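Please look through the model below from its overall layout down to single residues, and keep the sequence at hand while reading.

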Amino acid sequence: MTAVQYLSQEKIWFEKTQYDEAERRFYEGVNGPALQAQNTAPGTGDHGELVTRMKDLELENQSLHKVVEDLRSALSRLEARVAVLEKVPGSAATAAPCAKQPKERAPVEEEDDDLDLFGSEEEEDAEAERIREQRVKEYTERKAKKPTIIAKSSILLDVKPWDDETDMAKLEECVRSVQADGLLWGTSKLVPVGYGIKKLQIQCVVEDDKVGTDMLEEEITKFEDYVQSVDVAAFNKI
């Protein structure tokens with residue numbers, strides 16, 4: 001038998017798939033259930049993960065459908081409101097002529113009200129003026145009856161002579177000769193200054209509105225034969 005004839009009768013290469021399947025079954029029987037579980041486990045895990053992802057996609061799809069429906073509903077309501085607003089100007093325009101007549105009659109009533117208001121304001125002003133005058137009159141009368149407080153001051157003057165030969169009695173007589181409304185002379189004494197010279201220290205009470213220290217100094221220094229200078233030693237309000 002030739003090689004060609006032998007190969008024509010051999011079927012192993014033409015039925016390779018069957019032999020491969022038989023070989024796989026043989027090895028599965030030899031290795032036992034562990035190899036089967038190992039071969040099948042990855043497929044089972046992938047299948048479960050795929051199922052989970054499909055469920056998640058279905059839930060997400062349902063949520064998207066709900067959002068789309070809500071948006072459509074909101075858009076429908078918005079379109080309805082726009083349609084209503086577009087109709088409002090027309091209705092306002094039709095109602096405007098009906099409102100014209102009350103507006104034309106309103107100014108007459110307002111004028112009457114204004115006249116009444118002005119009249120009441122004038123009456124109130126006159127009443128307020130009368131009350132104010134009455135209060136001023138009462139205040140003036142109370143002030144006239146109230147005794148007036150006279151502001152007074154106590155002044156101590158130092159009157160210095162020219163020298164120790166000056167007649168101090170005559171000097172004091174000249175000082176007391178100064179008289180004025182609101183001036184009252186008080187006690188006096190001679191105070192040594194030095195080198196036998198003495199000064200006249202005299203007290204007086206004056207009304208502030210009538211007599212001042214400048215006036216006293218001016219009047220006393222007029223007696224230049226006896227008086228060298230006049231100083232204010234003390235000044236106190238009474």
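How many bridges join strand β1 to strand β3, and in which sense do the two strands run? Eight bridges join them in this predicted model, and the two strands, β1 covering residues 152-161 and β3 covering residues 197-207, run antiparallel.

The strands β2 and β3 form a hairpin with two residues between them, and Y195, which lies in the turn, has a positive phi of about 60°.

Returning to β1, the reader may pick out S153, which lies in that strand. Is S153 buried or exposed? S153 counts as buried because its relative accessibility is 0%, the cut-off for buried being under 20% relative accessible area. Its side chain takes part in a polar contact of 2.6 Å with the side chain of D208. When residues up to four places away in sequence are left aside, S153 touches C204, V205, V206 and D208, and also F235, N236, K237 and I238. In general, the side chains of a regular strand alternate between the two faces of the sheet.

A contrasting setting is found in helix α3, which spans residues 33-145 and holds L75. L75 has a relative accessible area of 46% and is therefore partly exposed, since that class lies between the limits of 20% and 50%. Together with L78 and V82, L75 forms a nonpolar patch on the surface, and these residues have about 260 Å² of accessible area together.

With these local views in place, the whole chain can be considered. The protein has five helices and four strands, and from the N terminus on its elements run α-α-α-β-α-β-β-α-β. Of the 238 residues in the protein, 12% are buried, and S153 is counted as buried. The accessible surface of the protein comes to about 19,600 Å², and 56% of that surface belongs to carbon and sulfur atoms. As for how the chain contacts itself, among contacts between residues at least 6 apart in sequence, 67% join residues at least 24 apart.

Conventions
Residues are numbered from 1 along each chain as its sequence is written. This is a predicted model: local features need pLDDT of at least 70, side-chain atom pairs count only at pLDDT 80 or more; totals for chains, interfaces and linings use all residues. Side-chain values use heavy atoms; hydrogens and water are left out. Two strands pair if DSSP finds at least two bridges between them. Buried means under 20% relative accessible area, exposed over 50%, partly exposed in between (1.4 Å probe, protein chains only). A polar contact is a pair of N or O atoms within 3.5 Å; within protein, one must be able to donate a hydrogen and the other to accept it, and residues adjacent in sequence count only if both atoms are side-chain atoms. Contact means heavy atoms within 4.5 Å. Patches are made of residues with over 30% relative accessible area and no salt bridge: like charges are joined within 9 Å, nonpolar side chains (Val, Leu, Ile, Met, Phe, Trp, Tyr) within 5 Å. Accessible areas come from the Shrake-Rupley method with a 1.4 Å probe; for residues, only the protein chains shown count as cover. A salt bridge is a side-chain nitrogen of Lys or Arg within 4 Å of a carboxyl oxygen of Asp or Glu.
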